[in-house]
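Hello,

Here is the structure I said I would pass on. My notes come after it.

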Amino acid sequence: MNDVSGENMKEKRDSQDESINQNDGKKEKIINKADIILGLSIILICAVFLLVRKIIKKPGYTVKITVAGEVVMEVPLSEDAEYIISKSEEKYNIVKVSDGEVMVTDANCRDHICMNYEDVDSVGETIICLPHKMVIEVCE
Amino acid sequence: MVGNEESDNKINNEKQKQDKSTQKPSGNRLVALCGVFTALAMILSYLESLVPVSVAVPGIKLGLANLITIISLKKLGLKPTIVISVSRIVLSGILFSNVAVIGYSLAGAALSILVMLITSKIKIFSITGISICGAIAHNFGQLIVAAIFLENARIFYYMSVLSIAGAVFGCIIGLVAGSIMKNINL
């Protein structure tokens, strides 16, 4: 009696296992070696790239401000000053240079992402205000 | 004798189940599933919008809605996926964030769906890899639109940060999508 019920249980379990596998037709893995290699290499390459940029930090000399691809002004990073960038009437950004850093202190764009940048003082670093098409770039 | 009959029935049942699960839904069932998927994608979009990601490009997000895109691509096919994605992006853009995001998201989604379709046909990667490729393609598409809009290519430097996030979150979303598809029968 015990043996028969044991066999029934095993059949039930087997059919349940099979029905779960039937859901995708074959036993497909959700992650394999190629995926892991892909993910890790992407992370590695980008991390190295970022680290290199961080290590090779050259202090900037001038700040180039472009709006819609056109250079609007180029100012020295050494002089503390505030500049109003406003190519069209409704859009403005206030760019402030102080202590060798450049930052955006005020803007009337919708998301104010441009105002969140910190520590922009090295060559190649940028502040971007996408709605206003403004790119501030630190140059040599 | 009894044992043989039982195993025959079992084989027939297995065949039916296999046919059902590999067939793509159609007709009314497809329409209903599209609606459900779109709604789910919008909920995920809303949840994403609660987490602020402050990068230069608006519309850069965690990519939770990609979960729906992947499952839909595998289970429903290309055309329903396009419909679901476009609907979700337009509606979410109007409801949860600003209309400008719609442009970037559409470009990102277009490139993402294309890349995911190609990678799923090549059959090197499993679903996690497809999701990673999709996430990175999505970011790249958005950056392309942003660069055109800004008329400045400097913004592509953000690709390195975005790719790390894309790989990580793409992997997570891929694993979740794979687990869902394994355990839930449409």
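Predicted model: local features only at pLDDT ≥ 70, side-chain atom pairs only at ≥ 80, totals over all residues.

Residues are numbered from 1 along each chain as its sequence is written, chains are lettered from A and ligands numbered from 1 in the order in which they are written, and side-chain values use heavy atoms, with hydrogens and water left out.

Aromatic pairs

Rings of Phe, Tyr and Trp (its six-membered ring) pair if their centres lie within 6.5 Å; planes under 30 degrees apart count as stacked, over 60 as edge-to-face and the rest as tilted. By this rule there are 2 aromatic pairs over all chains. Tyr46(B) and Phe96(B) make a tilted pair, with 5.1 Å centre to centre and 50° between the planes. Tyr46(B) belongs to helix H2 (residues 28-50) of chain B and Phe96(B) to helix H4 (residues 78-96) of chain B, so this pair ties together parts that are 50 residues apart in sequence. Helices (H or I, at least four residues) and strands (E, at least two) are DSSP runs, numbered from the N terminus. Tyr46(B) is partly exposed at 39% relative accessibility, and Phe96(B) is partly exposed at 32%. For accessibility, buried means under 20% relative accessible area, exposed over 50%, and partly exposed in between (1.4 Å probe, protein chains only).

Phe140(B) and Phe156(B) also form a tilted pair, at 5.7 Å centre to centre and 45° between the planes. Phe140(B) is in helix H6 (residues 127-150) of chain B and Phe156(B) in the loop between H6 and helix H7 (159-183) of chain B, so the pair ties together parts that are 16 residues apart in sequence.

Charges over rings

A charge sits over a ring if NZ of Lys or CZ of Arg is within 6 Å of the ring centre and within 35 degrees of the ring normal. The charged end of Arg53(A) sits over the ring of Tyr157(B), 4.4 Å from its centre. Lys133(A) lies over the face of Phe149(B), 4.5 Å from the ring centre.

Strand S7 of chain A

Lys133(A) is also in the turn of the hairpin formed by S6(A) and S7(A), where its phi is positive, about 55°. In strand S7 (residues 134-139) of chain A, 6 of its 6 residues are buried. Strands pair if DSSP finds at least two bridges between them. S7(A) is antiparallel to strand S1 (residues 62-67) of chain A over 6 bridges.

Regards
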